[in-house]
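Colleague: I have a model open and would like to go through the terms used for it. Could you take me through them?

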Amino acid sequence: MPADPRRPHPRQPPPNRPRPPRPRPPRRSVLAAVAMALPLLAAGCKGVGALGTPPRPLPDVAVLDHAITAEKLMITRYHAAIAGSPGQAAFLAPLLAQHQDHLARLASRLLEPKPADAARSPAATPAFPPASALTVLHGAEEDAADALVRHLAEVTPSLAQLLASIAASEASHALLLRSRGGTG
Amino acid sequence: MTGSDHRALQAALAAEHAAIYGYGVVGAHLTGPLERAAQQDWAAHQVARDTLESRLTSLGAQPVAAQDAYRLPFPVHSVPAAVSLAAFLEDRVATAYLGLVALDDPGLRAWGAQQVRASAVRATSWSGRAAAFPGLPGQVATAASVRPSA
């Protein structure tokens with residue numbers, strides 16, 4: 001079903017027109033703001049108020065933060081599952097590796113990269129009982145795939161593509177887990 | 001609707017036309033549960049094709065036509081080759097739908113994302129392997145251990 005349309009940022013042109021890539025505001029508004037500020041400065045006033053309110057933080061950063069946190073949690077779950085089900089380790093290891101790829105690519109998008117500490121160590125997380133490990137992971141992958149695309153309408157096109165691709169990867173993982181014996 | 005919307009929709013439609021043709025070849029080499037799976041996926045691609053065509057038509061565009069035939073990426077004369085072709089077709093479709101995800105229209109972006117996910121799941125059901133970044137260039141699917149389910 002279609003995503004809820006989000007109201008555009010007040011500075012951005014209406015969605016149906018081609019617009020410059022975020023986050024830069026259109027050149028016209030920057031030039032206009034400068035033009036407005038000059039006479040106020042010349043008059044001796046403090047011109048900061050004439051430039052308007054500062055822009056809100058970009059949705060991309062918030063969405064990336066959530067996606068990174070979700071991948072770290074998923075990696076923790078996989079470590080726990082492997083610890084509790086050594087017989088499934090060979091099956092689960094490649095899926096875990098893909099989540100590490102997801103995390104790396106998401107983290108590389110942040111302008112101020114977070115430390116690469118990634119997930120808590122396996123020893124810090126209790127192991128799943130073997131019978132439920134695949135089921136837990138199946139549900140986690142499905143939920144993560146759904147969550148990743150919840151705010152797709154708010155982010156830049158490039159990030160939207162990455163999120164949709166990772167969500168698709170997680171849905172594929174869910175299929176493999178279900179086929180292996182994890183019923184969601 | 002912008003020109004880029006049109007282009008993305010037409011590219012997705014072209015990919016669906018190719019997939020529909022390709023699934024005809026896939027199904028011709030399969031029997032039993034695998035053949036039924038091919039028929040199901042073929043039907044899903046027809047529904048998507050119809051959706052794309054009516055969307056383009058309602059916006060005043062002429063939907064791109066299917067070609068009479070498509071060159072296959074490799075010869076298909078066996079069950080494993082047919083299965084590989086199905087996975088290949090789904091990868092191509094996933095890439096095309098990522099084009100919709102790049103659009104500004106929230107509805108097209110969401111539907112495009114659903115289609116990327118559906119294509120990736122079909123690809124995995126055929127190959128038994130998942131990809132880390134379905135639809136993005138440079139993918140090598142890993143994580144094999146399961147045969148396609150009946």
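Colleague: Happy to start simply: how many helices and strands does chain A have?

Modeller: Chain A has 5 helices and 0 strands, where helices (H or I, at least four residues) and strands (E, at least two) are DSSP runs numbered from the N terminus. The pattern along the sequence is therefore written α-α-α-α-α. Before we go on, this is a predicted model, in which local features need pLDDT of at least 70, side-chain atom pairs count only at pLDDT 80 or more, and totals for chains, interfaces and linings use all residues. Residues are numbered from 1 along each chain as its sequence is written, with chains lettered from A and ligands numbered from 1 in the order in which they are written.

Colleague: What makes residues of chain B count as in contact with chain A?

Modeller: Their C-beta atoms, placed from the backbone, must lie within 7 Å. By that rule, 30 residues of chain B are in contact with 31 residues of chain A. On the chain B side, α4(B) gives the largest share, 12 residues.

Colleague: Why is α3(B) called roughly antiparallel to α4(B)?

Modeller: The two pack at an angle of about 165°, with their axes 8 Å apart. Angles over 145 degrees count as roughly antiparallel (under 35 is roughly parallel, 65 to 115 roughly perpendicular, the rest oblique), so α3(B) is roughly antiparallel to α4(B).

Colleague: And which hand does the crossing of α3(B) and α4(B) have?

Modeller: The crossing of α3(B) and α4(B) is left-handed: the near helix is turned anticlockwise from the far one by less than a right angle.

Notes. Two residues are in contact if their C-beta atoms, placed from the backbone, lie within 7 Å. Axes are lines fitted to C-alpha atoms, for helices over the stretch in contact, and angles run from 0 to 180 degrees between N-to-C directions.
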